[in-house]
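Me: I'd like to learn how to read a few features off a model like this one. Could you walk me through it?

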Amino acid sequence: MIGNPLLSGEEHNFMKTLRMGVLAVLTASAVALSMSGASAHDPDTPEGQAAARSFLADHLPAERHAVTGNAAGVPCVNGKADIYPCKNVDLLSVLPLSAIGGGNGNDIWGWTDPSSGKEYAIVGRTNGTAFVDVSTPTSPKFLGNLPSNGGSSSWRDMKVYKDHAFIVADFISGHGMQVFDLTRLRTVTTPQTFTADALYKEFGPSHNIAINEETGFAYAIGSNTCSGGPHVVDIRTPKSPKKAGCVSQDGYTHDNQCVVYRGPDATYRGREICFNSNEDTLTIVDVTDKANPVQLARQGYSGSQYSHQGWLTEDQRYFLLDDEQDESSGTDKRTKTYIWDLASLANPAHTGTYHSPATAIDHNQYIKGQYSYQANYQAGLRILDVSQVASAQLSEAGYFDIYPASDTARFNGAWSNYPYFASGIVLVNGIEQGLVVVKPNLGAVEPPPSGGKFENTTDVAIPDAGEAVTSPVTVTGLSGNASATLSVNVDIKHSYRGDLVIDLVAPDGSTFRLKDTSSDSADNVITTYTVNASAEAANGTWQLKVQDTYRADSGYIDAWSLRF
């Protein structure tokens with residue numbers, strides 16, 4: 001198959017026909033095997049044809065490398081966690097595709113059960129959707145599979161609203177939108193084969209789905225309706241979805257984000273606005289009236305090859321856009337992120353471009369706080385600090401490369417990620433790798449909660465038989481001296497705790513020995529020490545000082561805290 005031109009002549013016409021929902025001679029599963037993660041581009045474009053051929057050459061079988069059952073996870077030390085290159089991101093676990101229903105991976109989303117706080121991964125695969133309990137992220141539990149409706153597809157996407165998952169797939173003529181009640185997962189004890197609770201049939205294939213959780217409307221994107229533009233569905237009653245409109249003025253839309261607008265352009269505040277990645281432009285549409293959407297802007301940019309996906313900063317002033325073909329087709333081969341200033345929704349301005357050190361293809365990104373979490377195929381998860389976006393400046397804060405073999409512009413590795421759990425874990429879905437669960441440590445020190453607790457959760461690697469390392473906690477807002485019963489809570493991950501010497505260092509340099517070396521061969525130091533620190537001023541910078549005194553074992557300070 002690799003030697004045949006995928007999108008020429010009769011096959012090109014077949015792809016176009018299939019997108020329009022007409023029955024074809026080939027089965028949907030056969031189509032899925034011959035399509036790419038990028039080939040769902042409008043088949044009339046040269047970009048779509050080239051992307052399909054590229055992916056076909058890049059296809060690899062699923063990997064079986066697993067990292068599970070490790071209570072401490074695997075810290076990122078000296079640029080590596082297990083087999084994976086990393087920076088400021090620890091590995092918690094890997095569930096290979098063979099452990100979650102098979103196939104190859106694609107999109108991913110998450111759900112937090114409001115009644116229990118438990119966190120779940122919703123993992124797209126070519127042959128269905130897996131549900132995984134990740135509330136113990138070092139030991140994720142596969143709960144079951146919702147099979148694809150009508151065949152296999154390389155593109156499956158899902159989002160969540162009111163404790164229901166809404167799932168679409170591309171290039172399956174009758175797939176529609178599956179609706180699955182996630183509260184069913186609460187009672188699952190052994191893996192199940194699930195059925196959908198409802199099926200929306202007003203479209204067949206759809207490449208993506210976006211949901212505005214504030215309004216209760218879903219936007220099926222790249223379907224065989226609405227000229228490929230957003231197909232709007234009222235999901236306010238999740239199990240009874242109803243068609244609400246079409247956004248077809250600019251044709252095929254590849255991805256989008258729709259929000260109740262609260263940004264700087266006063267004209268549109270309070271209205272529902274969609275920001276569409278439309279193959280060659282950023283297209284902005286007012287969808288407040290679902291039956292009569294109004295296009296506000298259709299803006300191209302220098303270097304455009306294939307406008308793929310993007311996300312708003314939390315203040316809705318800026319939009320970060322990734323272009324899926326500029327690395328392979330442009331002159332600068334580095335991964336790029338295009339920065340847009342949205343001071344005027346009618347006139348969005350491309351103000352700068354971030355050039356990554358990597359040369360991989362960028363795919364999906366989501367912004368949480370001051371960071372953009374990007375799934376960039378062979379370069380894996382890349383985390384950008386967007387705090388200086390007003391100056392058109394981004395910087396790399398961390399990464400986790402799930403495809404160690406290379407970082408070239410090819411279609412392998414990280415398809416997408418989900419960074420929105422309260423626990424701080426991030427889910428990555430790899431085309432070959434399956435579900436990868438990681439925990440970024442980006443240097444933030446948590447502010448103290450009530451009760452006088454001061455904490456540092458930033459990991460610090462402890463070198464094997466090396467110099468002592470320290471982790472600081474700055475105490476402010478207290479008066480007088482520390483307590484005679486100062487509590488020092490320590491969480492250190494180490495494979496031979498008897499090697500460790502642990503001290504608490506007061507702001508004036510006074511040292512309190514918490515633990516000395518011993519012959520204790522057990523793992524980890526997770527305990528609370530009580531220190532008489534009544535002679536020390538409470539305010540100031542305290543430090544936990546740790547030294548590994550013997551060779552052959554290593555670890556890291558995971559977290560520690562003081563309670564006065």
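Me: How much space lies in the second largest pocket?

Reply: First, some ground rules: this is a predicted model, where local features need pLDDT of at least 70 and side-chain atom pairs count only at pLDDT 80 or more, while totals for chains, interfaces and linings use all residues. Residues are numbered from 1 along each chain as its sequence is written, and side-chain values use heavy atoms, with hydrogens and water left out. Now the general idea: rolling a probe the size of a water molecule over the atoms shows where empty space is left. On a 1 Å grid over the protein atoms alone, a pocket is an open set of points with protein on both sides within 12 Å along at least five of seven lines, and a cavity is a set where a 1.4 Å probe fits but cannot get out; lining residues have an atom within 4 Å of a point. Points are joined across faces, edges and corners, and the volume is the space filled by probe spheres set on them. Here, the second largest pocket holds about 650 Å³.

Me: Which residues are closest to the centre of that second largest pocket?

Reply: Trp-109, Ile-211, Glu-213, Gln-257 and Trp-311, out of 36 lining residues. As for strands (DSSP runs of E, at least two residues; helices are runs of H or I, at least four; both numbered from the N terminus), β17 gives the most to this lining, with 6 residues. Strands that each supply at least two residues include β4, β8 (156–161), β13 (208–212) and β21 (307–312).

Me: And how many cavities of 30 Å³ or more does a search of the whole structure find?

Reply: The search turns up 1. The lining has 13 residues, and Asp-107, His-207, Asn-208, His-363 and Trp-415 lie nearest the centre.

Me: Let's move to rings. How do I read an aromatic pair, and how many does the structure hold?

Reply: A pair of aromatic rings is described by the distance of the centres and the angle of the planes. Rings of Phe, Tyr and Trp (its six-membered ring) pair if their centres lie within 6.5 Å; planes under 30 degrees apart are stacked, over 60 edge-to-face, and the rest tilted. The structure holds 20 such pairs. Take Phe-180 and Phe-194: their ring centres are 5.1 Å apart and their planes stand at 65°, so this pair is edge-to-face. Phe-180 sits in strand β10 (residues 177–181) and Phe-194 in the loop between β11 (192–193) and β12 (198–200), so the contact ties together parts 14 residues apart in sequence.

Me: Is Phe-180 buried or exposed?

Reply: Buried (under 20% relative accessible area; exposed is over 50%, partly exposed in between, with a 1.4 Å probe and protein chains only): Phe-180 has 0% relative accessibility. Phe-194 counts as buried too, at 7%.

Me: Which residues do ring pairs link into a cluster?

Reply: Trp-109, Trp-311, Tyr-366, Tyr-418, Tyr-420 and Phe-421. Elsewhere, Arg-382 lies over the face of Tyr-399, at 4.4 Å from the ring centre.

Me: How many disulfides does a search of the whole structure find?

Reply: A disulfide is a covalent bond between the sulfur atoms of two cysteines. The cut-off for the sulfur pair is within 2.5 Å, and the search finds 3. Counting bonded cysteines along the chain, the pattern is 1-2, 3-4, 5-6. Cys-76 joins Cys-86, S to S 2.1 Å, and the torsion about that S-S bond is about 105°, so the disulfide is right-handed. Both of these cysteines, Cys-76 and Cys-86, are buried.

Me: Why is the disulfide of Cys-226 and Cys-246 left-handed?

Reply: Because the torsion about its S-S bond is about -60°. Cys-226 is buried, with a relative accessible area of 10%, whereas Cys-246 is partly exposed at 26%. The remaining bond joins Cys-258 to Cys-274, S to S 2.0 Å. Cys-258 lies in strand β17 (residues 255–260) and Cys-274 in strand β18 (residues 272–277), so this bond ties together parts 16 residues apart in sequence.

Terms used. Lys NZ or Arg CZ within 6 Å of the ring centre and 35° of its normal.
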